[in-house]
Amino acid sequence: GKLIDEFSNIDVAESKARSADVLGHVFEYFLGEFALAEGKQGGQFYTPRSVVQLMVEMLKPYKGRVYDPCCGSGGMFVQSEGFVVAHQGKINDISIYGQESNQTTWRLAKMNLAIRGIDSSQVKYNNEGSFLNDAHKDLKADYIIANPPFNDSDWSGDLLRGDGRWKYGEPPSGNANFAWIQHFLYHLAPTGLMGFVMAKGALTSKSGGEGDMRKALVEARLVDCIVNMPAKLFLNTQIPASLWFLRRGKTKRRDEILFIDARNMGHLINRRTRELSDEDIASIAKLYSDWQDGGDAYADVKGLCKSASIEDVAKLDYVLTPGRYVGLEDTEDDFNFAERFASLQAELVAQMKEEAALNERILANLAKVKI
């Protein structure tokens with residue numbers, strides 16, 4: 001009864017003035033807390049807010065069709081709507097399309113969107129999933145934003161041999177990473193932009209023809225930006241992750257790829273979980289935005305970012321790990337060898353004297369022992 005009284009006494013009008021989706025914030029908070037408590041299971045329906053925020057800030061989905069074929073609890077959509085509102089745009093300029101194969105998670109997504117007044121009529125459920133039963137076969141989305149399951153070996157690949165979506169190579173039946181990438185591309189509009197989370201292994205793997213598929217994507221001038229992410233960001237896995245941004249119809253920097261190494265960013269919110277700060281997100285998003293503009297605002301920074309040519313990538317056998325391109329951060333070298341050597345030498349002489357004294361004491365004590 002007291003709990004109901006507390007809710008009854010909330011001044012909703014005042015709250016609405018502060019925020020149009022108070023209930024939405026509360027629901028998202030509980031989703032996050034529940035996901036943290038669930039650990040590995042929680043990660044199946046919840047992508048950490050800071051990761052979603054970064055992807056949305058980099059994609060800038062102001063207007064058009066936004067698609068997520070593995071939408072979880074709908075966090076990607078909520079952040080996309082929030083981005084438009086924050087930048088004084090029009091919510092109705094965005095159309096949401098999604099699909100989810102877990103019915104409970106799909107219900108969470110519908111509730112998450114309904115609380116905010118977002119049209120969820122095109123967020124579909126079927127238990128077969130996007131590969132076997134694509135709910136939006138004819139959709140060409142302006143933006144795709146997703147966090148597919150990492151290294152999924154149970155994706156029914158053997159049933160999809162020769163599928164029309166595999167234009168850049170047949171994905172291996174034991175790993176769905178490049179199946180997801182090609183599914184996204186199949187649904188991307190001719191000038192569309194997409195961002196997704198992917199296990200870091202996809203940047204280097206050559207097994208099952210993945211190296212050839214990665215090469216085909218690079219050679220087709222589809223890869224726009226790769227971001228290496230910090231560890232411990234995701235609740236359901238300790239697998240290192242990266243963000244991929246692919247664009248159709250590239251005009252500026254067509255023969256370049258931006259690599260960003262953000263492994264050292266973020267802060268721990270508990271012993272097992274890290275998150276990116278607003279400053280981290282803003283700095284990464286600005287790097288990408290400045291680079292996209294093609295002007296002088298962008299500059300390579302050792303240890304952080306590098307605009308590499310397709311030729312540079314080809315020389316490294318189409319490996320897309322940002323660390324291979326950005327190099328090591330410049331540090332001031334104030335190391336004085338002579339001083340350090342003298343210090344170590346003095347320390348060694350002192351330790352040898354102490355050792356000799358200890359040996360004498362040990363021998364003296366041994367001499368006192370009567371057998």
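1. Helix H8 passes helix H9 in a left-handed crossing, a crossing being left-handed if the near helix is turned anticlockwise from the far one by less than a right angle, and right-handed if clockwise. The axes of H8 (residues 177-186) and H9 (residues 210-219) come within 11 Å and cross at roughly 30 degrees; these axes are lines fitted to C-alpha atoms, for helices over the stretch in contact, with angles running from 0 to 180 degrees between N-to-C directions. H8 and H9 are therefore roughly parallel to each other, given that angles under 35 degrees count as roughly parallel, over 145 as roughly antiparallel, 65 to 115 as roughly perpendicular and the rest as oblique.

2. A word on the basis of these values. This is a predicted model, in which local features need pLDDT of at least 70 and side-chain atom pairs count only at pLDDT 80 or more, while totals for chains, interfaces and linings use all residues. Residues are numbered from 1 along each chain as its sequence is written, and side-chain values use heavy atoms, with hydrogens and water left out. Helices (H or I, at least four residues) and strands (E, at least two) are DSSP runs, numbered from the N terminus.

3. In the meeting of H8 with H9, Phe-178, Ile-181, Gln-182 and Leu-185 of H8 touch Glu-210, Met-213, Arg-214 and Leu-217 of H9, where contact means heavy atoms within 4.5 Å. The residues of this contact divide into 5 nonpolar, 1 polar and 2 charged; Ala, Val, Leu, Ile, Met, Phe, Trp, Tyr, Cys and Pro count as nonpolar, Asp, Glu, Lys and Arg as charged, and the others, Gly among them, as polar.

4. H8 is mostly covered, with 9 of its 10 residues buried, a class that means under 20% relative accessible area, against over 50% for exposed and the range in between for partly exposed (1.4 Å probe, protein chains only). The buried residues are Asn-177, Phe-178, Ala-179, Trp-180, Ile-181, Gln-182, His-183, Phe-184 and Leu-185. Their cover includes strand E1, helix H7 (129-132), strand E4 (141-146), strand E5 (188-199), H9 and strand E7.

5. Pro-69, in the loop between E1 and helix H5, is buried, with a relative accessible area of 3%. Not counting residues up to four places away in sequence, Pro-69 touches Gln-99, Ser-130, Ala-146, Trp-180, His-183 and Phe-184. The C-alpha atoms of Pro-69 and His-187 are separated by 9.7 Å, although these residues are 118 apart along the chain.

6. Helix H4 (residues 49-59) and H5 (residues 75-86) have axes that come within 9 Å and cross at roughly 50 degrees, which makes H4 oblique to H5. H4 passes H5 in a right-handed crossing. Arg-49, Val-52, Gln-53, Met-55, Val-56 and Glu-57 of H4 make the contact with Gly-75, Met-76, Gln-79, Ser-80 and Phe-83 of H5, and by class this contact has 5 nonpolar, 4 polar and 2 charged residues.

7. Ser-80, placed in H5, is buried, with a relative accessible area of 1%. Leaving aside its neighbours within four places in sequence, Ser-80 is in contact with Val-56, Pro-61, Val-66 and Ile-94.

8. H4 also packs with helix H10 (residues 278-293), their axes coming within 9 Å and crossing at roughly 30 degrees, so that H4 and H10 are roughly parallel to each other. The crossing of H4 with H10 is right-handed. Ser-50, Gln-53, Leu-54, Glu-57 and Met-58 in H4 meet Asp-278, Ile-281, Ile-284, Ala-285 and Tyr-288 in H10, and the residues of this contact divide into 6 nonpolar, 2 polar and 2 charged.

9. Two backbone angles deserve a look, since most residues other than glycine have a negative phi. Lys-60 has a positive phi of about 55 degrees although it is not a glycine; Lys-60 lies in the loop between H4 and E1 (64-68) and is partly exposed, with a relative accessible area of 25%. Arg-253 likewise has a positive phi, near 50 degrees; Arg-253 lies in the loop between E7 (241-247) and strand E8 (256-261) and is buried, with a relative accessible area of 16%.

10. For the chain overall, there are 13 helices and 11 strands, and 45% of the 371 residues count as buried. Among contacts between residues at least 6 apart in sequence, 73% join residues at least 24 apart.
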